[in-house]
Amino acid sequence: MSASFSHQFNVQAVATEGGSAQFGTNVLAGLVDGIDTFRHELERKRRSRSLGPGMLAAFLWVDDAELLRRIAEFPSACVVVSKQPRGPRSLEKLHRVADAVKDAAGFPARALPHLEGLRLHEDGAAPVVGPGSTSPDIQLSALRSLGYRKAGDHLVPILHTKMLLLGELWWHDEDGSGTVADVIGFRPSRLWLGSANGTESSRRSLEFGLWTQDPGLMKAAQKFLVEVVAQSEELDPDSNTLTPDLVEPDYDDEEMWEAYTALADDAPNEGHRDGE
């Protein structure tokens, strides 16, 4: 007979601001149900400038089949896990998880503040951009990794959070200055915080999980998750250290100056109109 905790440990509550909390076993059920409820509600009342629901999350690890299915099927999702070792057993679980989300849409990087100006590195180096360079439309993979790979008995710092932020992606045809532009963004709506990893085994352990719509918590969680995503890599990168895929580009100063002076030369001279 396998060891297990009884249902006597299970407690549920509703906070004054409306969020639900769960203590005991199988708290991932509350996470999955919350994802389903949010998506159903948002898609039922979708507005004209909405691009649909979005998900950002950070876990130590994710292998729960139901949670992976929600990630894979979500219109826009990016979930970051701690970088995994590369032993035979670890590679097997990495391949299994990667296969579960292979058809996922991922998440548009430019929808997140501070990521729209970043570029993918080129063989570890920052790409050089000039006045003719276009901004790439980077689609982040649905499952990514962060941090350092453990080698031998040497302990390394890890991503140990268990959090998931749901919101809505939106579109607008003007930027903040009123200039015509193709602008998208992400507006957070609900935050899940807990002790449970996104793993099947966590369903048998005593954990807690809660949903909140507290504006301050959601703002702080988004800021943290954006930084996690910004410094993340593909799920199984070759690097053993923190080596972000996204980097600040280098600018070709000479080409930039030439373009600036060309624009200045073409500009009309207000002090010398025709006939004066």
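This is a predicted model: local features need pLDDT of at least 70, side-chain atom pairs count only at pLDDT 80 or more; totals for chains, interfaces and linings use all residues.
## A buried tryptophan

Trp192 has a relative accessible area of 1%, and since buried means under 20%, this residue counts as buried.

## Aromatic pairs

A pair of aromatic rings is described by two quantities, the distance of the centres and the angle of the planes. The structure holds four aromatic pairs. One of them joins Phe23 and Phe208, whose planes stand at 25° with the ring centres 6.4 Å apart, so this pair is stacked. Because Phe23 belongs to strand β2 (residues 20–24) while Phe208 belongs to strand β12 (residues 207–212), the pair ties together parts that are 185 residues apart in sequence. Phe23 counts as partly exposed, with a relative accessibility of 38%, and Phe208, at 31% relative accessibility, is likewise classed as partly exposed.

Trp192 takes part in another aromatic pair, in which its partner is Phe59; the centres of the two rings are 6.3 Å apart and the planes make an angle of 35°, an arrangement that is described as tilted. Phe59 lies in strand β3 (residues 50–59) and Trp192 in strand β11 (residues 180–194), so that the pair links distant parts of the chain, 133 residues apart. Phe59 has a relative accessibility of 1% and therefore counts as buried, and Trp192 is buried at 1% as well.

## Strand β4 and its neighbours

Strand β3, which holds Phe59, is also joined to strand β4, and the two run parallel with six bridges between them. Within this pairing, Leu56 stands opposite Cys78 in β4. Together with helix α2 (residues 65–73), the strands β3 and β4 make a β-α-β unit, and this unit is right-handed.

Which other strand pairs with β4 in the parallel sense over four bridges? That strand is β9 (residues 143–146), and here Val80 stands opposite Arg144 in β9. Strand β4 itself, which spans residues 76–82, is mostly covered, with seven of its seven residues buried.

Key. Residues are numbered from 1 along each chain as its sequence is written. Side-chain values use heavy atoms; hydrogens and water are left out. Buried means under 20% relative accessible area, exposed over 50%, partly exposed in between (1.4 Å probe, protein chains only). Two strands pair if DSSP finds at least two bridges between them. A crossover is right-handed if, with the strands pointing away from the viewer, the path from the first strand over the helix to the second runs clockwise. Rings of Phe, Tyr and Trp (its six-membered ring) pair if their centres lie within 6.5 Å; planes under 30 degrees apart count as stacked, over 60 as edge-to-face and the rest as tilted.
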